[in-house]
Amino acid sequence: MAEVSSQQQAPILAIDGLRKAFGALVATDDVTLDIRAGELHALIGPNGAGKSTLITQICGELKPDTGRILFDGRDVTRLRPHLRSRLGLGRTFQITQLCPDFSAIENVLLSIETRGGGSFDMVSNPRGNAGAIASARERLAEVGLGDLADRPAATLAHGQRRQLEIAVALAREPKLLLLDEPMAGLGPEETAAMTRLLGGLKRRYAILLVEHDMDAVFALADRVSVLVYGRVIFTGTVAEVRSDPAVRAAYLGGEPAC
Amino acid sequence: MTSRLRLVVIAGGLILLLAAPILAQLTGSAGLLGLANRIAIYAIAAVSLDLILGYGALVSFGHAMFFGLGGYAVGIVAFHTAAGEPLFGWSGSNAALIVWPLALVACALLAAIVGALSLKTSGVQFIMITLAFAQMVFFVLVSLQSYGGDDGLLLDRRNTLPFIDLSRPTTFYYVCVAMLIGWTAFCSRIVNSRFGLVLQALRQSERRSINLGVDPFPFRLAAFVISAVGTGLAGVLWANYARFVSPDMAVWSKSGEFIAIVVLGGLGTLLGPIAGAAVFIALEQLLSIWTEHWMIVMGPILTLVALFGRRGLAGRLFGERNG
Amino acid sequence: MILFVEQALNGLQYGSMLFLLASGLTLIFGIMGVINLTHGAFYMVGAYCAAFAVLSTGSFLVGIAAALIGAGLYAVLVEVAVVQWLYRRDHLYQVLATLGLILFTNEAVSMIFGRRPPLMDIPSFLQGSVPLLPGLDYPLMRVAFIVTGALVAIGLWLLVNHTRVGMLIRAGADDREMVDALGVDIRRLYTLVFGLGGALCGLAGVMAAPLLAIEIGMGERVLITTFVVIVVGGVGSVRGALVGALLVGMVDSLGRAYIPQLLLLSLPATTADTLGAGLVSASIYLLMAIVLLVRPNGLLPARG
């Protein structure tokens, strides 16, 4: 359960004994881990280890069989996904989920507009809200998309869409950022840019980073958890993870998956 | 560039709409005014349907039930008023200012119930359940023997407005056009509002919207009810225009017609469906003059529109989606 | 009691007809993802072809053949000309495109066969009644219908579960690319399924022709009910179509028989009549609404 030390606060996210099986396949096997405020906690593991399943359970799109999920001290295990988001859970998707017909800034504006779940105001045009627009532009600038604010999201390049997803997530001032493989499909320059971007976010937000790119993970992570066949086989600092024999055998032995 | 073209087309359309009675007089064709009137009424229904079909991506195959309910509300009240028989203790009224809001409230209530139940489903189930509700309304209307049943109900006269004589065709036509303009402006406001932003987001990516904390149900229900009220308004105006209502107003192929008009005109453009109504009704008129088997042409036209008309007339012209 | 059995049998017979229509429709929707409104038109085409053939040759068996071939061929034509472009499109466009086809078919049939509805008699070898219970003589034609439905159900079960084609059908529903990789032309498979669905509609048409009226627009009436059946039963599932068809058939038949009487017990005559007529027609939609609210995917969905 949550460990409260004099230096650290209660964890933002605490997963306790989570289990999810699809028939005979146990995708999540008694997973216990926690994310502390301000830390960047990476989740690594081979393909098929169950990382996506774990993420979808944290977000509420999938209900676990047993176990608990506590977000900011609150039991959200049975809470519907849209309500978890309103509590401060921000997420980017592995396959980007943006509104393709909206421009980049409209996507960010949407994020700001829906902080309380969306408004039934049928009169005022949100695009005329100077404060929100300014805030949205700041977010876009922060992720490096300042020039592309008015381009439809569908026309953005892959890497730019990933940046936009982060801007959208940040716009709601989340307590926890769930980043699902943000480096996937990025070239070396884009990866470096994304790593810098994420580095700049550290300390300001608690981040759960699911990634395959080991360079990025080792550069960014405060702690790393290793997921293999649905189980967390190790949690520790980067140095500890690199040197643990079980982890090396299971995952880091050969070339890291990219 | 496209905004300029847009303004030109809008202005052109408005001029045509407003000039129709004059054109009718000049050409000596009374049928032309009737045609324009029908177009204006169907356009109101089409714009309303576009709200949920184009902006909300909800394929309602039962919207004709609101068209029928709006019409019958007017018809039934007119029947009781003319016959002097009280309806639930109320002696009735011919005043549009009383009857029309009543009809619209009825449509809103029906939509709230139908929407609340149907929106729990999605995809083909949603299409089928809206169709089912429309069928129920249709059969109820057919079974109302005292209101004409299958044969329909005639209205003695149109409802009355203070200072405006609705019994004169030209006056009534302009009232319909005013309603069309007003309602379209209202829908346009909604679509560009904070509410509209969420509704459109739900269409483009429901998953992302939920992830951002949106509960889809109340937004879709609100859009559904508003679109139903608009379609009901068209029904109200139709009842007054034709001075006749029949269960065919709620038949399922009528819903199909409305869908065809919206797709033809351009989903998610609000103005497109108005053009769609014009083309569709004019085409129907022309074809039926030409041959009694006009359906054999109309049918394939609908099919072709569906196969190739991804963006409809307005889409091709304006190239954008927002209203 | 006798009345109840008779009404139940009527429900079974109606359910049989619905099953013939629904099984094809559910396969088409489940495998190809297409909402095919033209299904009702195939039924009508089958009935008209059969009536025409029977009037010309006097043989019911020729009529059956005409119905199967006529409806099946028309279905294949529709698939190749229109439906094959609809597989990846939104339901909206499928609905609209097939709606246009219905209008076209109705008009074409009335142009070819004329507006006066043809009459088809019950064939001589199916005339008369069968004593099923003491006091209950049930029409042989209707029994034949029920038997036909049962045979088709068994046949389809064998086809889908015990033949190579059936395996391909089931695989094609799950994974189109895999079937392609197996060297099977998925296009031909889809056309085959569509044609089979059409032929089944034709069979329903020829069996129903002596019992119901043959007329333009007969397809639409039965189409909506067929959709209710597959939504209730669960789209994509032939078992679901069977359960749905029987359930809808029973509810409709028993509803027609008993609702007016039940209402007369508690309401004044005029109200009961009005309400009764509406309720009777609405009964199956109420059934569908209830089922959907409890089980949004139908009673026996294909793959949960």
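**Chain contacts and selected residues**

Modeller: Between chain A and chain B the count is 6 salt bridges. Please bear in mind that this is a predicted model.

Colleague: Which residue of chain A forms a salt bridge with B:Asp215?

Modeller: The partner is A:Arg80, and the closest N and O atoms are 3.6 Å apart.

Colleague: What area is buried between chain A and chain B?

Modeller: About 2900 Å² is buried there, and carbon and sulfur atoms give 57% of it. A:Gln97, A:Phe120 and A:Met122 supply 20% of the area that chain A buries against chain B, which is more than any other three residues. In residue terms, 33 residues of chain A are in contact with 26 residues of chain B.

Colleague: Let us move on. Which pair of chains has the most contacts?

Modeller: Of the 2 pairs of chains that touch, chains B and C have the most contacts. Chain C contributes 43 residues to the contact and chain B contributes 38 residues.

Colleague: How many salt bridges are counted between chain C and chain B?

Modeller: The count is 0 salt bridges, while 6 residue pairs are in polar contact, both residues being at pLDDT 80 or more. On the chain C side, helix H4 (91-113), helix H9 (218-233) and helix H11 (269-294) each supply at least two residues that touch chain B. H4(C) gives the most, with 16 residues. By class, this side of chain C has 32 nonpolar, 7 polar and 4 charged residues.

Colleague: What is the buried area between chain C and chain B?

Modeller: The value is about 3600 Å², of which 82% comes from carbon and sulfur atoms.

Colleague: How far apart are chain A and chain C?

Modeller: Their closest C-alpha atoms lie 13 Å apart, and no contact joins the two chains.

Colleague: A change of topic: is C:Thr105 buried or exposed?

Modeller: C:Thr105 counts as buried because its relative accessibility is 1%, under the 20% cut-off. This residue lies in helix H4 of chain C. Its side chain makes a polar contact with the side chain of C:Tyr74, at 2.7 Å. Leaving aside neighbours within four places in sequence, C:Thr105 is in contact with C:Ala41, C:Met44, C:Val45 and C:Tyr74.

Colleague: Finally, how many residues of H5(B) are buried?

Modeller: H5(B) is mostly covered, with 17 of its 21 residues buried. This helix of chain B comprises residues 123-143 and reaches 31 Å from its first C-alpha to its last, close to the 30 Å expected at 1.5 Å a residue.

How values were computed
Residues numbered from 1 in each chain as written. Chains lettered and ligands numbered in written order. Predicted model: local features only at pLDDT ≥ 70, side-chain atom pairs only at ≥ 80, totals over all residues. Heavy atoms only, no water. Contact = heavy atoms within 4.5 Å. Helix = DSSP H or I, 4+ residues; strand = E, 2+ residues; numbered from the N terminus. Expected span 1.5 Å × (residues − 1). Buried < 20%, exposed > 50% of the residue type's maximum accessible area, 1.4 Å probe, protein only. Buried area = accessible area lost by both parts, 1.4 Å probe. Salt bridge = Lys/Arg side-chain N within 4 Å of Asp/Glu carboxyl O. Polar contact = N/O pair within 3.5 Å; in protein donor to acceptor, adjacent residues only side chain to side chain. Nonpolar A, V, L, I, M, F, W, Y, C, P; charged D, E, K, R; others polar.
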